[in-house]
Each structure stands twice: as structure tokens, then as C-alpha cells.
Amino acid sequence: MKKERKPIAEYISSSLSFYIYTVVFSILGLVFLMDTIPPVIVGILGIVFMLPICFMSFHGGMKTGEKEYKKNNTDSLVDVHNAKYTKIEPVKPFLHVIPYVIFTLALSVIAVAFNFVPLHGAMQLVFIPFTLIFKGFGVITIGQITWMSFVMVLLHVVLTAGCFIAGYFLKASALRRRASEIVNEIRSVG
């Protein structure tokens with residue numbers, strides 16, 4: 001039997017996955033920081049690199065929502081008239097993204113507020129999709145520290161965390177709805 005991780009380990013693991021998705025696509029996006037590419041194309045490429053990150057976050061949320069739903073709803077259909085399904089806890093998906101949100105935004109604030117160039121540069125590289133979008137549309141300049149860099153990171157964090165939360169709720173709700181339909185159909189026959 002597979003040993004179940006503690007909830008805090010699950011939350012940290014989910015948060016780390018956001019960084020993994022972002023870093024993989026950021027490495028691919030480094031090529032497009034060159035000045036020879038037209039700015040609008042750079043912005044569009046940033047959007048293109050953001051899409052798989054959002055998809056991976058959404059898919060991760062779906063997997064987590066399914067796992068949580070199955071963990072909390074272990075009733076069998078043997079006694080269908082007494083079957084109960086626990087509601088989806090609305091706070092659960094937020095607990096999975098909180099470490100990512102807090103840590104990332106704290107680093108971004110430190111980088112901008114204290115004019116910490118190495119950290120700021122690292123943030124621009126790690127969050128390259130939004131760096132490309134903001135650079136392409138003339139909102140930021142690479143290497144220049146402004147509060148727009150914080151906004152860039154904030155938007156990235158909100159978008160990826162939002163995709164995770166949406167995936168979680170959609171999958172858990174679909175499973176709950178499907179289980180309710182099966183139970184209702186069996187009850188109506190029996």
C-alpha cells in the first residue's frame with residue numbers, strides 16, 4: 001500500500017510543481033529575448049509560452065481534485081440508500097497554492113523594494129513568459145527594476161494558481177455530480 005503524504009507535504013509539492021512548469025518553459029523562452037525579433041512577436045511568443053504552463057497547472061489541479069475527492073468519498077454502492085458524499089472543501093485548493101503565491105510574491109517585493117538586481121534578474125528569467133509579454137508590448141525593459149516587474153510576477157502567479165484552482169473544482173464537482181447521478185439511478189431502479 002502506498003504511504004500517504006502529510007497535507008503540508010502535498011501543499012508544498014503542488015507549489016513546487018508551479019516552479020517546475022514555469023522553469024521548463026522559461027528555458028525554452030530565453031532564445032526570444034534577443035533584440036532582433038520584432039517586439040509584438042516577442043509579446044505573442046510570451047503568450048504562447050504561458051499557455052502550456054496554464055494547461056499544466058489546470059491539469060495538476062484536476063489530478064489533485066480527483067485525488068482529494070476519492071480520498072474523502074470512500075462509500076461503496078453496496079448500501080446505496082445510505083451513501084453520503086462529502087462536499088468539496090473550498091479551502092483545499094487554496095492551501096495547495098498558498099506557499100507558491102506567498103513565496104513568489106515575497107521574493108518579487110524584496111527584489112523591487114530593495115533594488116536587488118540579482119534576484120530581480122532571476123525573477124525575470126524564471127517568469128520569462130510574462131517577461132516576454134511585458135517586454136514585447138513595451139511595459140518593461142530587461143534589467144530595469146520597476147514595480148511593473150512585480151505586477152508581471154503577480155499576474156503570472158494569479159494566472160497559474162487560478163488555473164490550478166479551476167481544475168481542482170471542475171474535476172471534483174464532475175466526480176461528485178457523476179456519483180450522485182449513479183446513486184440516484186440505482187435508487188430509482190431498486
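Reader: Which pattern does the protein follow, read along the sequence?

Author: This is a predicted model. The protein has six helices and zero strands. Read from one end of the sequence to the other, the pattern is therefore α-α-α-α-α-α.

Reader: What is the radius of gyration of the protein, and is the protein compact or spread out?

Author: The C-alpha trace spans about 70 × 30 × 30 Å along the principal axes of the protein. For 190 residues the globule rule gives 16 Å, and the protein is well over that, so it is more spread out than a compact globule. The radius of gyration is 21 Å.

Reader: In which helix is confidence lowest, and in which is it highest?

Author: The mean pLDDT of the protein is 86, and 91% of its residues reach 70 or more. Confidence is lowest in α1, at a mean of 82. It is highest, at 94, in helix α3 (residues 92–113).

Reader: What share of the contacts between residues at least 6 apart in sequence joins residues at least 24 apart?

Author: Contact here means heavy atoms within 4.5 Å. Among contacts between residues at least 6 apart in sequence, the share that joins residues at least 24 apart is 80%.

Reader: Are the axes of α1 and α5 parallel, perpendicular or oblique to each other?

Author: Two packed helices are described by the angle between their axes and the distance between the axes. The axes of helix α1 (residues 7–29) and helix α5 (residues 128–136) come within 8 Å and cross at roughly 45 degrees. Angles under 35 degrees count as roughly parallel and 65 to 115 as roughly perpendicular. The two helices α1 and α5 are therefore oblique.

Reader: Which residues make the contact of α1 with α5, and how do they divide into nonpolar, polar and charged?

Author: On the α1 side the contact is made by Phe25, Ser26 and Gly29. On the α5 side it is made by Ile128, Pro129 and Leu132. These residues divide into four nonpolar, two polar and no charged.

Reader: How many of the residues of α5 are buried?

Author: Buried means under 20% relative accessible area. The buried residues of α5 are Ile128, Pro129, Phe130, Thr131, Leu132, Ile133, Phe134, Lys135 and Gly136. The helix α5 is largely enclosed by the rest of the structure, because the buried count is nine of the nine.

Reader: Where is Phe127, and which residues does Phe127 touch?

Author: Phe127 is in the loop between α4 (117–126) and α5. With a relative accessible area of 1%, Phe127 is buried. The C-alpha atoms of Phe127 and Ser26 are separated by 6.5 Å, although these residues are 101 residues apart along the chain. Not counting residues up to four places away in sequence, Phe127 touches Tyr19, Thr22, Ser26, Tyr100, Thr104, Val153 and His156.

Reader: Is Thr22 buried or exposed, and which residues does Thr22 touch?

Author: Thr22 lies in helix α1. Its relative accessibility is 1%, so Thr22 counts as buried. Leaving out residues up to four places away in sequence, Thr22 touches Ile53, Val126, Phe127 and His156.

Reader: Is Ser149 buried or exposed, and which residues is Ser149 in contact with?

Author: Ser149 is found in helix α6 (residues 147–189). At 2% relative accessibility, Ser149 counts as buried. Its neighbours within four places in sequence aside, Ser149 is in contact with Ser108, Val112, His120, Gln124, Ile140 and Gln144.

Reader: How far apart in space are Trp147 and Val109, C-alpha to C-alpha?

Author: Trp147 lies in helix α6 and is partly exposed, with a relative accessible area of 47%. Apart from residues up to four places away in sequence, Trp147 touches Val109, Val112 and Ala113. Trp147 and Val109 are 38 residues apart in sequence, and their C-alpha distance is 8.5 Å.

Reader: What is the phi of Asn115?

Author: Most residues other than glycine have a negative phi. Asn115 is found in the loop between α3 and α4 and is exposed, with a relative accessible area of 53%. Asn115 is a residue other than glycine with a positive phi, near 50 degrees.

Methods
Residues numbered from 1 in each chain as written. Predicted model: local features only at pLDDT ≥ 70, side-chain atom pairs only at ≥ 80, totals over all residues. Heavy atoms only, no water. Axes fitted to C-alpha atoms, helices over the stretch in contact; angles between N-to-C directions. Helix = DSSP H or I, 4+ residues; strand = E, 2+ residues; numbered from the N terminus. Parallel < 35°, antiparallel > 145°, perpendicular 65-115°, else oblique. Nonpolar A, V, L, I, M, F, W, Y, C, P; charged D, E, K, R; others polar. pLDDT = per-residue confidence, 0-100. Rg over C-alpha atoms; globule rule 2.2 N^0.38 Å. Buried < 20%, exposed > 50% of the residue type's maximum accessible area, 1.4 Å probe, protein only.
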